[in-house]
Amino acid sequence: MKLYFFKCSVSTDLYGVSPNKSGEPLPTPGGGKWLSIEIINYNEPNSIIGFDKNVANSEIEKWGCHWFTTKGPREIFWGENKPKKNIK
């Protein structure tokens, strides 16, 4: 599975990864938008600081996307706008 990496435009250390090139479904509960990061090589995602491919695959299977910081995974508070559990 090819992965596409994104950076949050309103955070200095929040990244997203999704198998969808458009970044969907990367909702923005805090506002802002996701910016595509073209320089990251999806063939070697474990070289990215804070990114764990196994955790990401689990999150992508559950939500369709995954968020992380340079220190590791990051949970997002969804509130009432949480994503559907089965995104396919």
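Tutor: The buried residues of α1 are Ala-56, Ile-60 and Trp-63, where buried means under 20% relative accessible area and exposed over 50%, with partly exposed in between (1.4 Å probe, protein chains only). Helices are DSSP runs of H or I with at least four residues, strands are runs of E with at least two, and both are numbered from the N terminus. Down the axis of α1, its buried residues fall within an arc of 90°, so they line one face of the helix; the arc is taken from the directions from the helix axis to the C-beta atoms. An α-helix has 3.6 residues a turn, so residues three or four places apart point the same way. On the other side of α1, Asn-54 and Glu-61 are exposed.

A word on the source: this is a predicted model, where local features need pLDDT of at least 70 and side-chain atom pairs count only at pLDDT 80 or more, while totals for chains, interfaces and linings use all residues. Residues are numbered from 1 along each chain as its sequence is written, and side-chain values use heavy atoms, leaving out hydrogens and water.

So what sits over that buried face? The cover includes β2 and β4. His-66 belongs to strand β4 (residues 66–69) and is buried, at a relative accessible area of 2%. Leaving aside neighbours within four places in sequence, His-66 is in contact (heavy atoms within 4.5 Å) with residues including Val-55, Ala-56, Glu-59 and Ile-60.

As for what follows the helix, α1 is followed by Gly-64, whose phi is positive, near 95°.
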